[in-house]
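Colleague: Hi! Could you walk me through a couple of spots in this one?
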Amino acid sequence: MQSLALIENWPVPTAAAAVVHADGTVAGAHGPTGHRFPLASVTKPLAAYAALVAYEEGAVELDEPAGPDGSTVRHLLAHTSGLAFDEHRVTAPPGNRRLYSNAGFEVLGDHIAKATDIPFAEYLRQAVLEPLGMTSTTLDGSPAKDGVSTVDDLVRFAAEVQAPRLLDPRTVLEAMSVVHPGLSGVLPGYGHQKPNDWGLGFEIRDGKSPHWTGSASSPRTFGHFGQSGTFLWIDPDARAACVALTDRAFGPWAVESWPPFTDAVLAELRGRAH
């Protein structure tokens with residue numbers, strides 16, 4: 001895909017990207033797709049997927065208590081537990097506001113580790129990474145932000161989310177549907193969004209503006225970006241997903257570069273479909 005070569009123009013030392021269709025075929029790749037990059041918050045969808053495996057295995061229930069008083073596993077996954085961004089401090093009642101929270105994902109990881117009697121990083125490996133052949137991916141710390149992976153591995157994950165084998169497709173549909181509709185909140189790097197829609201561990205594009213995806217991205221697009229200059233989006237209308245990993249921290253360069261890149265990818269996919 002020619003559009004993927006646009007990463008050459010990004011002001012970053014190293015970048016790699018790929019697009020994978022809903023049927024698992026790779027539409028194109030560019031750059032060192034086997035290079036391991038810190039994921040930052042792109043770790044969260046992987047952690048969320050492991051949590052959903054734990055739910056399907058019966059180790060946890062989505063609506064069982066977890067985190068602050070009144071909060072559940074579902075609240076933690078949807079950033080509505082009321083926990084602060086990076087502190088284990090309650091700043092709102094559960095289900096009241098969309099407070100993007102690394103602390104919430106750390107509490108979630110601890111909750112699953114306790115329920116399964118397996119350290120969360122090991123649970124993630126057994127539940128998600130190993131079955132998908134993601135041999136270059138590790139979690140070395142917080143389930144919110146300490147994953148390290150490659151484009152090649154994340155392509156396998158993006159293919160799984162589009163055509164689930166590890167989870168019931170209905171569970172994935174729930175993960176990409178809005179939890180607690182209508183809640184507003186801050187999308188890190190993009191300011192206050194009203195509403196600030198999220199599913200279970202995945203951010204949902206809907207009508208957010210500004211946003212890190214493209215102007216041509218469908219409202220159903222869901223995924224995550226990371227402060228290490230990384231993103232993964234899945235656009236069900238385009239029947240494709242895109243992964244881009246870099247080694248430069250998120251900043252104005254990304255705000256400027258990512259949407260036109262996504263629009264070029266989507267335009268090329270549309271062109272190929274006709």
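Colleague: Is Q162 buried or exposed?
Modeller: Q162 counts as buried, because its relative accessibility is 18%. Buried is under 20% relative accessible area, exposed is over 50%, and partly exposed is in between, with a 1.4 Å probe and protein chains only. This is a predicted model: local features need pLDDT of at least 70, side-chain atom pairs count only at pLDDT 80 or more, and totals for chains, interfaces and linings use all residues. Residues are numbered from 1 along each chain as its sequence is written, and side-chain values use heavy atoms, leaving out hydrogens and water.

Colleague: Got it. Which residues does Q162 touch?
Modeller: Leaving aside residues up to four places away in sequence, Q162 touches V20, H21, A22, I234, R239, A240 and A241. Touching here is contact, meaning heavy atoms within 4.5 Å.

Colleague: And what does the side chain of Q162 reach?
Modeller: The backbone oxygen of V20, at 3.3 Å. The Q162 side chain also reaches the backbone oxygen of A158, at 3.2 Å.

Colleague: New topic: how many residues of α3 are buried?
Modeller: Twelve of the 15, so α3 is largely enclosed by the rest of the structure. Among them are F105, V107, L108 and I112.

Colleague: What do those buried residues of α3 pack against?
Modeller: They pack against α1 (43-56), α2 (73-77) and α4 (120-129).

Colleague: Last one: what follows α3?
Modeller: D117 does, and its phi is positive, near 65°.

Technical notes:
Helix = DSSP H or I, 4+ residues; strand = E, 2+ residues; numbered from the N terminus. Polar contact = N/O pair within 3.5 Å; in protein donor to acceptor, adjacent residues only side chain to side chain.
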